[in-house]
Amino acid sequence: VAARIGADRVYELTGHRLSASYSAAKIMWLRNNEPEVYRRTSKFVHAKDYLAACLTGEVRTDYSDATGMNLLDIRSMRWSEEMLEATGIETAKLPEPAESTEVVGKVSAAAAKQSGLVEGTPVVIGGGDGPCATAGAGVVRLGEAYIYVGSSTWMAMASDRPVVDPQKRTFTFGHLRKGLYMPAGTMQAGGGSFKWFRDVLGDAESQAAERAGVDPYDLLCLKAEQAPAGSEGLVFLPYLMGERSPLWDPNARGCFLGLSMLHEKKHLVRAVLEGVAFNMRQIQEAFAEQGVASEAVRMIGGGARSRLWRSIFADVLERPIQRLNFIEEATSVGAAIAGGVGVGLIASLEAAGRFVQVVEQTEPAESTFETYRRQFEIFRDSYRGLRDIFERLAGS
C-alpha cells in the first residue's frame with residue numbers, strides 16, 4: 001500500500017499511520033493467506049457490530065470504529081476509493097457505517113429467545129472504546145481534552161476537524177457524532193510503567209499493603225511524595241514496550257538516566273510518574289503545534305485515583321487537572337450515552353455532558369515550572385541521544 005500511494009497519503013486520507021494493527025492489513029493478510037476464508041466472508045465487522053447483527057440481522061458499523069480501519073476517508077466519512085484500490089479490498093466486504101447513536105435495527109424474535117431481551121428493543125450501534133471513553137469523560141465540545149491513565153495511556157481531544165500532523169505523531173478517530181473528531185496520542189506503557197515498577201521493585205510495598213489491606217500503589221505514591229519535583233536529576237524513559245505517540249519507534253526502550261548514590265527508591269518511583277507525564281507533554285505539544293489546545297485536562301482511568309500523579313501531570317503540562325465522578329467506568333458511561341441519545345432519552349451528545357462532573361481540580365504549582373521545563377528538555381533529548389543505541393540493542 002505504501003508503495004502504491006505512499007505512507008503520507010494514507011495518513012492524510014485516513015487520519016492514521018499505515019499499520020499492521022489496523023483492519024486493512026489484517027484483511028489483506030487473510031485474503032493472501034486464507035483465500036477461501038476471505039471468499040466466504042460476507043462482511044468484515046468489529047465485535048460490537050457482530051453482536052448488533054446477531055440481535056437485528058442488520059450488518060452495520062459506526063464511523064468511530066470505521067475510522068480506525070485504515071480504509072475510511074476521514075473527511076467524507078465514506079470508504080476511500082484510493083485505499084480500496086491500493087489494498088484490493090472490495091467495497092462489498094465492508095459494512096455501511098452509521099453514526100454511533102443510530103438505531104440500526106430491533107431485537108428479532110429469534111435473538112429475543114436466545115438472549116432474554118424483549119423482542120423489538122431498539123439496538124444502537126455504539127462506538128469504539130476510545131470514542132466512548134471520550135464521551136464518558138465529558139469531552140464532547142471543541143477544545144476539551146482528557147488523559148486516560150491505564151496500562152496504556154493516551155491524551156485525546158474534541159475537534160471539528162481531523163488533526164493532520166506533518167510528523168504523524170498523533171492520529172484521529174471519528175467521535176460518536178458525525179462531524180466531531182477525536183484526535184489522540186497514545187503511549188504504550190503509561191500506567192504499565194507504574195505496574196512494572198510495582199511488580200519488579202515494589203515487593204516491600206506490596207507485602208506491606210497486603211498486611212494493611214491497602215493498595216500498594218498508594219504506598220509507592222507516599223514514598224514518591226518524599227522526593228522533590230524533578231527527582232533530583234533522575235529521568236525515566238517509559239518506553240518499556242517500544243512507543244507509539246509521539247515517537248512511533250518499536251525499538252525504543254525504558255531506562256533510568258542520571259542515577260547516583262544519592263538516589264533512593266523514592267526518587268525512582270517519582271521519576272517513573274514524571275516520565276509518563278513528560279511523554280504526555282510531548283503529545284500535548286504536538287497538538288498545540290497543529291492549533292489544538294485546551295485550558296484544562298480531565299483525567300480518567302486507574303491512575304486518576306492518585307492525588308500525587310494528578311499533581312505531577314498538572315505541573316508538567318502546566319494545566320489544571322480535573323478528576324471526574326466517573327474514572328474507571330468512563331468507557332461504559334460513553335456507551336450508555338450513545339444508547340441514550342439513540343433512543344431519545346438524551347437530547348444530544350453535548351447534552352450528555354451533564355452526567356459527567358468534575359469533583360476535584362488540581363492546579364499546577366508555578367514553583368515547579370522551571371524544574372520541570374528543564375527536566376522535560378533532558379527527557380526529550382535523552383531519547384534522541386539513545387535512539388541509535390536502542391536500534392542496536394534490538395538487533396542484538
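Visitor: In which crossing, left-handed or right-handed, does helix 13 pass helix 14?
Guide: This is a predicted model. In it, helix 13 covers residues 265-289 and helix 14 covers residues 307-317. Where helix 13 passes helix 14, the crossing is right-handed.

Visitor: Why are helix 13 and helix 14 oblique to each other?
Guide: Two packed helices are described by the angle between their axes and the distance between the axes. For helix 13 and helix 14, the axes are 9 Å apart. Angles under 35 degrees would count as roughly parallel, and 65 to 115 as roughly perpendicular. The pair is therefore oblique, with a packing angle of about 40°.

Visitor: How many nonpolar residues are in the contact of helix 13 with helix 14?
Guide: Helix 13 contributes residues including Leu 273, Val 276 and Phe 278, and helix 14 contributes residues including Trp 309, Ile 312 and Phe 313. By class, the contact has three charged residues, one polar residue and eleven nonpolar ones.

Visitor: Is Met 77 buried or exposed?
Guide: Met 77 is in the loop between strand 2 and strand 3, and has a positive phi of about 60° without being a glycine. Buried means under 20% relative accessible area. Met 77 has 4% relative accessibility, so it counts as buried.

Visitor: Which residue does a cis peptide bond join to Ser 245?
Guide: Most peptide bonds are trans. Here omega is about -5°, and the bond is cis.

Technical notes:
Residues numbered from 1 in each chain as written. Predicted model: local features only at pLDDT ≥ 70, side-chain atom pairs only at ≥ 80, totals over all residues. Heavy atoms only, no water. Axes fitted to C-alpha atoms, helices over the stretch in contact; angles between N-to-C directions. Helix = DSSP H or I, 4+ residues; strand = E, 2+ residues; numbered from the N terminus. Parallel < 35°, antiparallel > 145°, perpendicular 65-115°, else oblique. Left-handed = near helix turned anticlockwise from the far one by under 90°. Contact = heavy atoms within 4.5 Å. Nonpolar A, V, L, I, M, F, W, Y, C, P; charged D, E, K, R; others polar. Buried < 20%, exposed > 50% of the residue type's maximum accessible area, 1.4 Å probe, protein only.
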